[in-house]
Amino acid sequence: MAYNVYSLLMDVAFASGFILVGQLLRAKVKIFQEFFMPASLIAGLLGFVCGPSVLNVVPFSNQVGSYSGLLIIVVFVSMGIRGLHMSTKGWKEDVERIGSYLCFRESSYMLQYTLPILFSLYVMSQVFSDLHPGFGFLLGAGWAGGPGTAAAIGSTFAKYGWADATDLGITSATVGILTGIFGGMLLIKWATKKGITNYITDFGDLPKELQTGLIPPEKRESMGQETISEISLDSLAWHMAFLLLPAGLGYMLAGYISKLYDLGIPSFSCAFLVALLFSVLLEKGGAKKYIDFKITSSIAGCASDYLIFFGVTAIKLSIIIKYALPLATLLLFGMVLIIGSFLFLAPRMNNKDWFERGMFVFGYLTGVYANSFILSRIVDPDRKSKTFEDTAICAPLTSPVDIMVITFGPILLSTGQIGTFLSFAFAYLLFFFFLARIMKWWYADRPLIRRGIDL
């Protein structure tokens, strides 16, 4: 059957049904509650089993695998439309806390884009022949990047002849999310028993809504405020327009660059840059105050949930079987790397609340920011460690590097410029490592059990 607009409707309808079932299972099944499984991931796993790769009992269209690449553009536009304004409120008083956190975050981040590539090139290639030079990049793309980034870099690799990268990247991201959830919970249980955590002592203290995902009426908050009168235009339509216009223009710009220079710049990167330009123009024109970023964040969150569903559902089982052993080896290496780097770096590069602050980064480096918020809410329910504030301050400094890595990494690795990419990555990693040592933000001599910032 030919693909048309109603095919899109049915794909989204099926996805919505699975997502509702995923939330129902999260609300009712204890094991999903204990490990805080995202409803969209539960739904995606169900869609994978029922979809074309396994049972093929749900008639998805043949375009179901393309939606993730579209949705990630919306997510990146929502980041760009905010602009890169950096708050300087805490720098004078809290340079050590924020600076050490930045060093820890970026060192841990770049470890995922260096060591797995070396491991793949010089160890795994001795056993598994004909591995693509970018195979090790899939760990960082799926874990530090998440499902959206995995889909995005997969499309870039495909432009350079490696079509299997998308399915492998999404699988990597799925395992990363599970590692973040199960590994994070195990680390939290270990830390509470050792007395390392500062703000919780027992899982029984956690509110019910964190377990079921259902918020009772007395604890509900507004998704945002209307910034435009409904007599003129619906507020949601207003905010959607600010996201979809840069998304479309970014897609057009990527196509233009590809045609003119024969360079496969990802659409999401161009859309991010267009959104940044929009942010500047809106600021200059005085219109930015009529955007409620809670609403744009909710739209991006919705896109992320459907992205996770479609990404996991569209995984081709045949490709996973084809790469089963090397992929399993890479992912096992990733588990050792993420847990080992957390236990080694978090207490040495964070002074007070090292575990609470480290848990946020651990979640961020295992697939999605949702993991960060889940784990952080568990160990720091009242946000006393100031991790959220410090992350917001650091984000404008790190976002350009994130974009550069996922934009040019696949291109350089696919065109034989492996040394160029690794030189940049290691230089970035070593800069933050030595900065921490030079600034004396290295706390190896301090005990694991320390007082918190708010204690």
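Biologist: Which residues does Met-110 touch, not counting residues up to four places away in sequence?

Modeller: In this predicted model, Met-110 touches Val-401, Val-405, Ala-425, Tyr-428 and Leu-429. Met-110 itself is found in helix α5, residues 95-111.

Biologist: Why is Met-110 called buried?

Modeller: The term applies under 20% relative accessible area. Met-110 has 0% relative accessibility, so Met-110 counts as buried.

Biologist: How far apart are Met-110 and Val-95 in sequence and in space?

Modeller: They are separated by 15 residues in sequence and by 22 Å from C-alpha to C-alpha.

Biologist: What share of the contacts with a separation of 6 or more comes from residues 24 or more positions apart?

Modeller: Such pairs account for 80% of those contacts. Buried residues, for their part, make up 52% of the 455 residues.

Biologist: Which residues have the most contacts inside the largest nonpolar core?

Modeller: They are Phe-135, Phe-137, Phe-355 and Phe-421, in a core of 127 residues. Helix α9, residues 165-194, contributes the largest share of this core, with 10 residues. Another core lies apart from it and has five residues, among them Ala-254, Ile-265, Cys-270 and Ile-411. In soluble globular proteins, nonpolar side chains tend to be buried together.

Biologist: What is Phe-137 in contact with, leaving aside its neighbours within four places in sequence?

Modeller: The partners of Phe-137 include Tyr-113, Ile-117, Ile-153, Phe-157, Val-405, Leu-413 and Phe-421. Val-405 is also one of the residues that Met-110 touches.

Biologist: Why is Thr-179 called buried?

Modeller: Thr-179 has a relative accessibility of 9%, and the limit is under 20%. The value falls within that limit, so Thr-179 counts as buried. The residue has its place in helix α9. Beyond four places in sequence, Thr-179 touches Trp-143, Gly-184, Met-335, Ile-338 and Phe-362.

Biologist: How do you know that Thr-366 is buried, and where is this residue found?

Modeller: Thr-366 is at 0% relative accessibility, against a limit of under 20%, and therefore counts as buried. Thr-366 is found in the loop between α16 (354-364) and α17. With neighbours within four places set aside, Thr-366 is in contact with Trp-143, Gly-176, Ile-177, Gly-180, Ile-338 and Asn-371. Thr-366 and Ala-173 are 193 residues apart in sequence, and 7.6 Å separates their C-alpha atoms in space.

Biologist: Why is Asp-390 called buried?

Modeller: Asp-390 has a relative accessible area of 0%, and the term requires a value under 20%, so Asp-390 is buried. Its place is in helix α18. Asp-390 touches Arg-97, Ile-98, Tyr-101 and Arg-357, not counting residues up to four places away in sequence. Between Asp-390 and Ile-98 there are 5.9 Å from C-alpha to C-alpha, although they are 292 residues apart in sequence.

Biologist: What makes Lys-386 partly exposed?

Modeller: Buried means under 20% and exposed means over 50%, with partly exposed in between. Lys-386 is at 32% relative accessibility, which means that Lys-386 counts as partly exposed. Lys-386 lies in the loop between α17 (369-379) and α18 (387-414). Its phi is positive, about 65 degrees, although Lys-386 is not a glycine.

Biologist: Where is Asn-56 found, and what is the phi of this residue?

Modeller: Asn-56 is found in the loop between α3 (39-50) and α4 (67-80). Its phi is near 55 degrees, a positive value in a residue other than glycine.

Biologist: Why is Lys-440 called exposed?

Modeller: Lys-440 has 69% relative accessibility, and exposed means over 50%, so Lys-440 counts as exposed. Lys-440 lies in the segment after α19 (418-438). Lys-440 and Glu-96 are 344 residues apart in sequence and 8.9 Å apart in space, C-alpha to C-alpha.

Biologist: How many positive and negative side chains does the protein have?

Modeller: There are 34 positive and 30 negative side chains, and the centres of the two sets lie 4 Å apart. The protein exposes about 21,000 Å², of which carbon and sulfur atoms supply 66%.

Notes
Residues numbered from 1 in each chain as written. Predicted model: local features only at pLDDT ≥ 70, side-chain atom pairs only at ≥ 80, totals over all residues. Heavy atoms only, no water. Buried < 20%, exposed > 50% of the residue type's maximum accessible area, 1.4 Å probe, protein only. Contact = heavy atoms within 4.5 Å. Areas by Shrake-Rupley, 256 points an atom, 1.4 Å probe, with all protein chains shown as cover. Lys, Arg positive; Asp, Glu negative; His and termini not counted. Charge placed at Lys NZ, Arg CZ, Asp CG, Glu CD. Core = buried A, V, L, I, M, F, W, Y, C linked by side-chain atoms within 4.5 Å. Helix = DSSP H or I, 4+ residues; strand = E, 2+ residues; numbered from the N terminus.
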